[in-house]
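The following exercises are to be worked with the sequence and the coordinates at hand. Each task is followed by a solution in steps.

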Amino acid sequence: MNNATAASLLAKLNAGEIRSEDLVRQYLDRAESLKRLNVFVHLDPERVLDQARAIDAKRRAGEPVGALAGVPVAIKDVLCVTNEPTTCGSRMLKSFRPPYDATVITKLKDAGAILFGKTNMDEFAMGSSTENSAYGPTLNPWDEERIPGGSSGGSAAAVAADLAPVSLGSDTGGSIRQPAAVCGIVGLKPTYGRVSRYGLIAFASSLDQIGPFAHDLADAALLLKVISGHDDRDATSVDQAVPDYTATLDKPPGSLRIGVAREFFGEGLDPEVEAAVREAIRIYEKAGAIIEEVSLPNSKYGVPAYYIVAPAECSSNLARYDGTIFGHRAEDWSPKYPGEENLHPLVRMMMASRSEGFGPEVKRRIMLGTFALSAGYADQYYNQALKVRRLIRNDFDEAFKKVDVILGPTSPSPAFKLGERTADPLAMYLSDIYTITANLAGIPGLSVPCGLTKSNLPIGLQLLAPAFAEENLLRTARVFERETDWHTRRPGLAG
Amino acid sequence: MSHPYDVIIGLEIHVQLQTESKMFSWCGTEFGLPPNTQTDPVSLGMPGTLPVMNRKAFDLALKTALALHAEIAPFTKWDRKNYYYPDLPKNYQISQYDLPFSLGGWLDIPERKDGGGGGRCGLTRVHLEEDTGKLTHAAGGFSEVDLNRAGIPLLEIVGEPDIRNAADARGCLEELRLTLRYLGVSDCEMQEGSLRCDANVNLHIHKDGQKIATPIVEIKNLNSFRAVEKALNYEVERQYAKWREDGLTIKDSPKTTRGWNDAEEVTKPQREKETAADYRYFPEPDLVPVVVDEAWKERVRASIGELPAARRKRFESDYELSPYDANVLVEQGSDVADYYDAVAKSTGEFKIASNWIQQDVLRTIKDKKQSIAEFPVSPEALADLINRVHRGELNTNQGREVLGRMIETGDSAEVVIEIGGYKMVSDRDDIATAVDAAIAANPQALEDLRKGKKKPEAVKGFLRGQVMKQTGGKANPAVVGELLEAKLAELLA
């Protein structure tokens, strides 16, 4: 089972060599023995086994089964699953069980996938280290003193530690690509609108996108195919045909013009990371690619623009958690500070509930966003950020006139130590410096393993493509994957 | 009215659009269901749910705006209006802020019998938003939230401060409701909250050649036409008295909010927010902008149909009705106006058809609390009856009786006449006999005529009634009149 990919498991399941029930038992056992990694916030063995048995029965009966029939998929706890705990890593939603499935969950169920637990995450997807979870941090399988990246750290660690062959995460500013990079696996953020956001608990609606984690590109392509497509329950989902990413993956791209963005190699980039990325460029050159330097002059404004837009949207999206209809409600809302006795009890109830329910990072961003949208400041901050966003998109449009994909590091550094940046939000925010612009522009981005540091920490290579060019993005990445074996490396985990 | 001031009134009207589903979800919209049974994850604002625009609601909104002569924006977007309130599940309302789907427009206020009205009220904008839920404050300090209404499409129509008196404000609102009902976009039930009105009012006082504006007051909770008129009249007097007392002007005092108390017939101050509301509007990221092209606009425009003002005019010109009669028929709603249209066309007796409908049909449906659709006599059947009266088969009184039977039984005029033995007697010999008998039985009448003690018409009317009585009401009134005149002339000669 170690090293297993979804594709290899599917082949065995379809050939009748293994049963899904036996397969998930092995994964459940492994999850039990690796509990210390704190990957799953909710894993119900009975429900997992029930799903596996149902698929096995279907196969035995000779009924047609879906593209992921019997394969476990770990799910970031940001995605709604009917009647299952869906907590978004927050105390606020500790008791929330949605009466509906996210569209991607419906699609996974239709494909026969086994929903294998809910994975840990930064609270409401805010963070780059999975340390902001109300359930404690997840540990990086490569070095248990280090963070697994964030906010989808649980889903990345699940795949890296072979707790599931594939998983789903969400990426608002790099939350799939950065954890994929520091966990040594593949992570793909699709084009905004490619995958329905219905049932994805919103952080920043205009930036959020769901995507796959996998050991290799074949699995990423497979999972992407299953979850993509137009959904009439998400107005921003785009009605565009979904290519057969799996079928075309191994066809070399028609054109291999690769842009290297000058701005991705600046100050703050770890030398080992830079070296690995430079080596990747060399590998592409050897494969016949035309390497061209491109410029994304406005990318330096990406982080500040992001930290206006994302908090602004989050301040609004998270307003619904006030203890009235759902979410945590404080038991005691008596006045605590002078003057509070003058407030309406209802207001005090909301204040106390939000104060208890949210963690510090969420509160920080709600404050930032509320400020950025408030009268008198919106023009200075929010509206400026929207203009920057437009400029960043224009930069990419210009660059993609010359090249097919843009290449660079995914994360400026390998996994840092737990607690290292928790006291310094700005340092934490810089973890997403190379990934954020893709969310602001809505374009797809991919991280593939491209090396290991001397201390055996994974390094990720990021590839960016124009909107809806996932097919070409995967094929271009596959050129690199064929030439290297980084994707086959596994952490030496003591089980 | 010679007050030393002008009254400045602007209306803000919220209309619930009549759709099968809510503005941003597939949830139903039926009124009057138990609390929170008309909800779904989207209208409850549950985590992960997303709004999807109801295109039909947008169509109805477009239809309304076009009918009100508004300009339709080619590009419109949605915004979030953020504020915390327990009846607002997401704690933001999806609305339109800086790019509403329509701008401008106007509504003509019909002239009233007293000579008032007749002006034009300009509109500032029309925009779409979702309604909020309802909060009821139960006993024991608890509040209960009902979200059945949350997410229902709401059209906000903001009028210019063009209105100069309370009666016109009422007239404007009544005409708006009639127009919306003709459009079929809303049932406009004010008691059910599907038509809600707030009014902004202040005075421009003339003093020493100067014009002094009093502080603007927004009056809320106006849930009947009567309330609109009464509240505004009250507020005008209150503001004038207040100004005479403290002299405060618009410059000294910001806009305040008062509620209309229907029982005490006064406006009362409502609790003011301590700070100005900051709604932190921003573009709704979960919805895409709406682009309205010419084809869409034209398709909606073609569905508008004839509006009340046009129909009044047509009834006056085509059917030669008085403005009063035309208005009585039109303001009953398009179903009644259609009914009249059908009867008038198939009888050619426009004024008579109008009389029958106003006197008999409308009274009946009012007494029975029916709609015209439930009225058992079809326009064709009524036209047939009117034609029979016109041809002299029945006299008017018989016609009324026949119609009464038709309403009771649902039978045609032909059947009722056959069974009931209604037939007008036109036989001149029979009527002459009855005329002679009536005169003989009432010698005083002849005497009165001779001496001129009473008006001849009154005496003749009395005698005609006696003849009708003797013939059991069946005599042809024209023949009776003719023979009675002849006989009296003979006797008085």
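**Exercise 1. A salt bridge within chain A**

Is Arg478(A) buried or exposed? Determine also which partner the side chain of Arg478(A) meets in a salt bridge, and where the two residues lie.

*Solution.* The model is a predicted one.

Step 1. The relative accessible area of Arg478(A) is 19%. The cut-off for buried is under 20%, so Arg478(A) counts as buried.

Step 2. The side chain of Arg478(A) forms a salt bridge with that of Asp250(A), with an N to O distance of 2.7 Å.

Step 3. Arg478(A) belongs to helix α16 (residues 470-483) of chain A, while Asp250(A) is in the loop between α8 (245-248) and β7 (257-261); the pair therefore ties together parts that are 228 residues apart in sequence.

Step 4. Asp250(A) has a relative accessible area of 42% and is partly exposed.

**Exercise 2. The annotated active site**

Which residues does UniProt place under the feature "active site"?

*Solution.* 

Step 1. The UniProt record, an unreviewed entry, places the feature at Lys76(A), Ser151(A) and Ser175(A). These residues span 100 residues in sequence, but no two of their C-alpha atoms are more than 11.1 Å apart, so they gather at one spot.

Step 2. Lys76(A) is part of strand β2 (residues 72-76) of chain A. Its relative accessibility is 0%, so Lys76(A) counts as buried.

Step 3. Beyond four places in sequence, the residues that Lys76(A) touches include Ser151(A) and Ser175(A), as well as Lys118(A), Ser155(A) and Ser170(A).

Step 4. Ser151(A) is located in the loop between β3 (114-119) and α5 (153-160) of chain A. Ser151(A) is likewise buried, with a relative accessible area of 0%.

Step 5. With neighbours up to four places away set aside, the contacts of Ser151(A) include Lys76(A) and Ser175(A), together with Asn120(A), Asp122(A) and Thr130(A).

Step 6. The backbone at Ser151(A) also deserves attention. The peptide bond from Gly150(A) to Ser151(A) is cis, with omega near 5 degrees. Most peptide bonds are trans.

**Exercise 3. The interface of chains A and B**

How many residues of each chain are in contact, and what area do the chains bury between them?

*Solution.* 

Step 1. The contact involves 37 residues of chain A and 31 residues of chain B.

Step 2. About 2800 Å² is buried between chain A and chain B, 63% of it on carbon and sulfur atoms.

Step 3. One salt bridge is found across the interface of chain A and chain B. The side chains that meet in a salt bridge are those of Arg197(A) and Asp286(B), at 3.0 Å from N to O.

Step 4. Between chain A and chain B, 14 residue pairs are in polar contact. On the side of chain A that touches chain B, at least two residues each come from α10 (302-317), α11 (345-357) and α12 (360-373). Of the elements, α10(A) gives the most to this side, with four residues.

Step 5. Sorted by class, the side of chain A that touches chain B comprises 20 nonpolar, nine polar and eight charged residues.

**Exercise 4. Positive phi values**

What are the phi values of Asn83(A) and Cys188(B), and where do these residues lie?

*Solution.* 

Step 1. Most residues other than glycine have a negative phi. Asn83(A), although not a glycine, has a positive phi of about 60 degrees, and Cys188(B), not a glycine either, has a positive phi of about 55 degrees.

Step 2. Asn83(A) is in the loop between β2 and α4 (103-110) of chain A, and Cys188(B) is in the loop between α2 (166-183) and β12 (195-207) of chain B.

Step 3. Asn83(A) is partly exposed at 49% relative accessibility, whereas Cys188(B) is buried at 0%.

Methods:
Residues are numbered from 1 along each chain as its sequence is written. Chains are lettered from A and ligands numbered from 1 in the order in which they are written. This is a predicted model: local features need pLDDT of at least 70, side-chain atom pairs count only at pLDDT 80 or more; totals for chains, interfaces and linings use all residues. Side-chain values use heavy atoms; hydrogens and water are left out. UniProt positions are given in the numbering used here, feature names are shortened, and annotations may be inferred rather than shown by experiment. Buried means under 20% relative accessible area, exposed over 50%, partly exposed in between (1.4 Å probe, protein chains only). Contact means heavy atoms within 4.5 Å. Buried area is the accessible area (1.4 Å probe) that two parts lose on being put together, summed over both. A salt bridge is a side-chain nitrogen of Lys or Arg within 4 Å of a carboxyl oxygen of Asp or Glu. A polar contact is a pair of N or O atoms within 3.5 Å; within protein, one must be able to donate a hydrogen and the other to accept it, and residues adjacent in sequence count only if both atoms are side-chain atoms. Ala, Val, Leu, Ile, Met, Phe, Trp, Tyr, Cys and Pro count as nonpolar, Asp, Glu, Lys and Arg as charged, and the others, Gly among them, as polar.
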